Amino acid sequence: WVGFFGPIRFFLGEVRLLTCYYDDPDFIRDIINDLLEFYIEVYTPILEKLDIDVFTMWEDMCFNTGPLISPELFREFMLPAYKRFTSFLKEMGVRNILVDTDGNCWKLIPLFLEGGVTAIYPYEAAANMNVLEVRERFPKLQMIGGIDKRAIISGRGAIDLELESKIPAMLKHGGYIPY
């Protein structure tokens, strides 16, 4: 349950969080910095003792048409924390850093990558997140998801078509888990 948007959204509520970016930006910076220090403090003794391959962060910061915050706000408030935390994780031997964010995250993918994230999921098809298009634009990004769950209601043929239209091409490239 680590992140620099999702947990704060949970604590403050969506409206208060989003207005605080403008009305009280120092408050948001303080929370993000405190969370960052807390995460490092908590995970240092764990990562010193265990060999962890995958670390997942939870953000849920996008809706079906795009992110809940602008790329500019992400860059200003969250990117420095992401860079520091992912550097810490990599120094501790973590190779794969995943971010869980639902919705349409197209505008944030470059910032997540710049921040040291190696994978994003779940790539909701209903939010226009086509894994084939994402793979084409971001070939090194690891991905989980992208299978349109709406195919289930249309029956076996639609399910097979959905799976066949994505999985072979994605698995050929690698760095992908169907979901």
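**Entry 1: Thr65**

I began at Thr65, which sits in the loop between β2 (62-63) and β3 (66-67). Helices (H or I, at least four residues) and strands (E, at least two) are DSSP runs, numbered from the N terminus. I noted that the model is predicted, that local features need pLDDT of at least 70 and side-chain atom pairs pLDDT 80 or more, while totals for chains, interfaces and linings use all residues. I also noted that residues are numbered from 1 along each chain as its sequence is written, and that side-chain values use heavy atoms, with hydrogens and water left out.

Is Thr65 buried or exposed? Its relative accessibility is 67%, so I put it down as exposed. The cut-offs are under 20% relative accessible area for buried, over 50% for exposed, and partly exposed in between (1.4 Å probe, protein chains only). I then looked up the distance from Thr65 to Trp106: the two are 41 residues apart along the chain, and their C-alpha atoms are separated by 9.6 Å.

**Entry 2: Leu163**

For another pair I took Leu163, in helix α7 (residues 156-173). Leu163 has a relative accessibility of 31%, so it counts as partly exposed. Between Leu163 and Thr44 I found 119 residues in sequence and 40 Å in space, C-alpha to C-alpha.

**Entry 3: helix α2**

Which residues of α2 are buried? I listed Leu17, Cys20 and Tyr21. Seen down the helix axis, the buried residues of α2 fall within an arc of 105°, so they line one face of the helix. The arc is that of the directions from the helix axis to the C-beta atoms. On the face turned away from the buried side of α2, I noted the exposed residues Val15, Tyr22 and Asp23.

Asp23 belongs to α2, which covers residues 14-23. With a relative accessible area of 64%, Asp23 is exposed. I met Asp23 again in a negative surface patch, together with Asp24, Asp30 and Asp34.

I wrote down how patches are made: their residues have over 30% relative accessible area and no salt bridge, like charges are joined within 9 Å, and nonpolar side chains (Val, Leu, Ile, Met, Phe, Trp, Tyr) within 5 Å. Lys and Arg count as positive and Asp and Glu as negative, while His and the chain ends are not counted. The place of a charge is taken as NZ of Lys, CZ of Arg, CG of Asp or CD of Glu. Accessible areas come from the Shrake-Rupley method with a 1.4 Å probe, and for residues only the protein chains shown count as cover.

**Entry 4: a nonpolar patch**

I next looked up a nonpolar surface patch of about 340 Å², made by Phe38, Val42, Ile46 and Leu50. Val42 is in helix α3. Its relative accessibility is 31%, so Val42 is partly exposed.

**Entry 5: salt bridges**

How many salt bridges does the structure hold? I recorded nine. A salt bridge is a side-chain nitrogen of Lys or Arg within 4 Å of a carboxyl oxygen of Asp or Glu.

One of them joins Arg9 and Glu14, with the closest N and O atoms 2.4 Å apart. Arg9 is partly exposed at 25% relative accessibility, and Glu14 is partly exposed at 33%.

I also found Arg95 and Asp53 in a salt bridge, at 2.7 Å from N to O. This pair links distant parts of the chain, 42 residues apart: Arg95 is in the loop between α4 (71-91) and β4 (96-100), and Asp53 is in the loop between α3 (25-49) and β1 (54-58). Arg95 is exposed, with a relative accessible area of 52%, whereas Asp53 is partly exposed at 37%.

In a further salt bridge, Asp148 meets Arg150 at 2.8 Å from N to O. Asp148 counts as buried at 16% relative accessibility, while Arg150 is partly exposed at 44%. I also noted a network in which salt bridges with shared partners join Asp26, Arg29 and Glu76.

**Entry 6: the loop between β5 and α6**

Last, I looked at backbone angles. Tyr121 and Pro122 are joined by a cis peptide bond, with omega about 15°. Pro122 lies in the loop between β5 (119-121) and α6 (131-137).

Tyr123 is in the loop between β5 and α6. Tyr123 has a positive phi of about 55°, although it is not a glycine. I noted that Tyr123 is buried, at 2% relative accessibility.

Asn128 is also placed in the loop between β5 and α6. Its phi is near 65°, a positive value in a residue other than glycine. Asn128 counts as exposed, at 56% relative accessibility.
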